Amino acid sequence: MICLTKNEQGAELLTGYLAKTLDAAGMAEVDRHIQDCAECRGLVSVWEKLDEFTAPEVTAGFDARLYARIAEEDARRPWWRRLLWRPAVPLVAAGALVGLGLLMVPRTHDAAKQANEMDIEQVAQAVDDLDLLTPIAQ
Amino acid sequence: MEAVAALEQDAQLMLRVGEGDDTSFALLLERHRGPVVHFLYRMVQNQAVSEELAQEVFLRVYRSRSTYEPTAKFTTWLFRIATHVALNSIRDGKKEKGHESLDVEIEGMERQVADRQPTVEQEMVQNVKLREVRQAIEALPAKQRAAVLMHKYEGLDYAQIAAVLSCSESAVKSLLFRAYESLRGRLAHMA
């Protein structure tokens, strides 16, 4: 078998083997291959060497420091912005808008009615004016 | 409702944080604090800096609570933020400040080891190995380093790493392979 590091598919197989994401057949295939391939064995060995790099435990005050920063940031925000993100506020605002809209609808209707009546009056007035003008023209 | 039920647990928790549920934020912090700090520690190789960066990551998560949309796995989103923060920090040279303390940290460990007679040699060998691995990882270009750390230590799959690094899955595969090849070259002498 050609060394897996020499082509893209082989490399993918090898990285899958390292992360143990291959199926059983794939794992067995690479297992067999690395017995005979020093280069691939070297790559597997690197993966194992990386285990040496352990990370220290998170220090005890981590959460307390974070919550203090959150509180500090919250306190710096203007009061209206602090209110804005709360989920109830958009709902209340939406409700207020709907209410305002409902109050406006009858008024708008009245205004339209008034405008209609004015139009009729204007037309009537215009006709009267024409009637007055007609004898002069004649 | 079905869509919400199908969401992964972390995404559901994050949506609850957006609704003002601080307990859900505490749960997310509990679950992801370790992996995020460890990832950042291996990226910048300094404990104090890594914790400072992790605080920034969780602050950003908290700030995004009302605009969060579960379009990807929560861990992908989280590591995207963490990687962004780490790459910025490396670019801005914060790591340079922490470099001295890394050496002091290792030297301190070596001094402690020297006081314990029975395992002095073994522990010193261990420390040398650790230093070499750290240096080999540090020598990788930042993007390759992030990919290796997510692949090796955090168990992210190709698709997730691709989403974190904003590249294709095939680019991630080649990035990882080049990184492992380079590590093999640097660590070949290690027994």
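This is a predicted model: local features need pLDDT of at least 70, side-chain atom pairs count only at pLDDT 80 or more; totals for chains, interfaces and linings use all residues.
Residues are numbered from 1 along each chain as its sequence is written, and chains are lettered from A and ligands numbered from 1 in the order in which they are written.

Chain A holds 6 helices and 0 strands; helices (H or I, at least four residues) and strands (E, at least two) are DSSP runs, numbered from the N terminus. Of its 138 residues, 11% count as buried. Here a residue is buried if 20 or more other C-beta atoms lie within 10 Å of its own, exposed if 12 or fewer, and partly exposed in between, with C-beta atoms placed from the backbone.

Between the chains, 34 residues of chain B are in contact with 26 residues of chain A, contact meaning that the C-beta atoms, placed from the backbone, lie within 7 Å. On the chain B side, H3 (22–44), H4 (47–63), H7 (120–138), H8 (142–152) and H10 (169–187) each supply at least two residues. H10(B) gives the most, with 8 residues. This side divides into 16 nonpolar, 7 polar and 11 charged residues; Ala, Val, Leu, Ile, Met, Phe, Trp, Tyr, Cys and Pro count as nonpolar, Asp, Glu, Lys and Arg as charged, and the others, Gly among them, as polar.

Within chain B, H8(B) also packs with H9(B) (residues 158–165) at an angle of about 145°, with the axes 10 Å apart. Axes are lines fitted to C-alpha atoms, for helices over the stretch in contact, and angles run from 0 to 180 degrees between N-to-C directions. Residues making this contact include B:Ala147 of H8(B) and B:Ile161 of H9(B).

Two loop residues remain. A:Lys20, between H1 (8–18) and H2 (24–36) of chain A, has a positive phi of about 55° although it is not a glycine. A:Lys20 is exposed, with 8 other C-beta atoms within 10 Å. B:Gln45, in the loop between H3 and H4 of chain B, has a positive phi near 60°, but counts as buried, with 22 C-beta neighbours inside 10 Å.

Note on methods:
Two residues are in contact if their C-beta atoms, placed from the backbone, lie within 7 Å.
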